Amino acid sequence: MMSELRPIAQDLIKRVDEFIHNEIAHNENLYHEQSKDENGTWVVPPIMEEMKAKAKAAGLWNLFLPESKNGAGLTNYEYAHLAEIMGAYGIASEVFNCSAPDTGNMEVLERYGNDEHKEKYLKPLLNGDIRSAFAMTEPGVASSDATNIASSAVLDGDEYVINGEKWWTSGAGDPRCEILIFMCVTNPENHRHQRQSQILVPMNSEGIEIQKMMHVFGYDDAPHGHGHIKFTNVRVPKENLLLGEGRGFEIAQGRLGPGRIHHCMRAIGLAERALEMMCRHGMEKVAFGKPLVQLGGNMDIIANSRIEIDQARLLTLKAAQMMDTVGNKVAASEIAQIKVVAPNVCCDVLDRAIQMHGGAGVSQVYPLAQMYAHMRTLRLADGPDEVHRRAVARHELGKYMVKDLGVESSNISRS
């Protein structure tokens, strides 16, 4: 049974929806046009700053951060509804200062940062004055298993010396990006889940080299980008360590739960937009003397899209409600399930919408191709589908006793 939304959430949903349609939707193309100057250099689009100022003045700012005085006082379940609305337009989340990776980084700083970290980095992030990035994935290892992380930080006096390579560091190319949260090995002799730490690394530190920006199906995601970065003897104060040595995995797990809810609900919002585009185009476009929706199996395609989107939404809202009521650990299987379901459903709906639009669907005439590139990436971000399916399967197998499987359930959960 889904919870009823409190009046505060209902009001924010209405206001955010109106703001998106009045201020954001018609500026989407302008934003992308302004993301590079005449020389191709990435710049902050002026229209984004204009929209952010309007959203901030309207009180539509930092709507996430449950259980924090810095947020809007919403639960994960309530914020999930807002994330869906924002997801229809890729630029919308940033307008309300609710975009990844800043949301996750702000949650980390709020929970685990000390007073200096909060003053120096959390406060300007909350104000929207700077951007941030999360450096975890590495080119040389299978980073879907965080215990494979090889980048190192060695304490030398009062400083950590950092070495390693990261890629797919989203947001690292943004001119406003001032701080990285860096996942690295500090205690190689510890248990495999207690070897990693997270350290704050300023982007202007000596020894940081952005080697290139990764492209997704040809899109460079300017002005944010996904950086391939090399760290060579980068020195940061030991006070930049978050929570304590060997606690990086613990921080990562706490960060991922809310982030996955946000990603999945945004995916559902994007799928809703794709379905609307599919329906409108299918009714307007005529082929063989009939509207496209009346040809072939297009009615079934539209019906299946509606059914799948609604299923994905209900599963995601269930996971969000469980996080609020029983906690992330108990909701672990549901969180893993939505990470598989939501991006896959959205990819399928987008693919159908592209097909309905014909050649224009894969071109720059419509945003569908770019939307698909982003969503296909989400099936890899925060771990590929296979990792999450394995987590769901282990959870299911763990329910059964030795006599049923001939295997200790505790061994299954550890494997």
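Let's start with strand 5, residues 196-202. Both of its faces are covered. Gln196, Gln198, Leu200 and Pro202 are buried on one side, and Ser197, Ile199 and Val201 on the other. Buried here means under 20% relative accessible area, with a 1.4 Å probe and protein chains only. In a regular strand the side chains alternate between the two faces of the sheet. Strands are DSSP runs of E, at least two residues; helices are H or I, at least four; both are numbered from the N terminus.

This is a predicted model: local features need pLDDT of at least 70, side-chain atom pairs count only at pLDDT 80 or more, and totals for chains, interfaces and linings use all residues. Residues are numbered from 1 along each chain as its sequence is written, and side-chain values use heavy atoms, leaving out hydrogens and water.

Next, the partner. Strand 4, residues 177-185, pairs with strand 5 in the antiparallel sense over 7 bridges. Pairing takes at least two DSSP bridges. Leu180 stands opposite Val201.

Now helix 3, residues 46-57. Which of its residues are buried? Ile47, Met48, Met51, Lys52 and Ala55. They cover an arc of only 135 degrees around the axis, which puts them on the same side of helix 3. That arc uses directions from the helix axis to the C-beta atoms. The buried residues pack against helix 1 (7-24), helix 2 (28-34) and helix 5 (92-95). Just after helix 3, Gly59 takes a positive phi of about 80 degrees.

Last, confidence. pLDDT, the predictor's confidence in each residue from 0 to 100, averages 93 over the protein chain. It stays under 50 over residues 409-415. Where pLDDT is low, the predicted coordinates should not be read in detail.

Key
Expected span 1.5 Å × (residues − 1). Buried < 20%, exposed > 50% of the residue type's maximum accessible area, 1.4 Å probe, protein only. Contact = heavy atoms within 4.5 Å.
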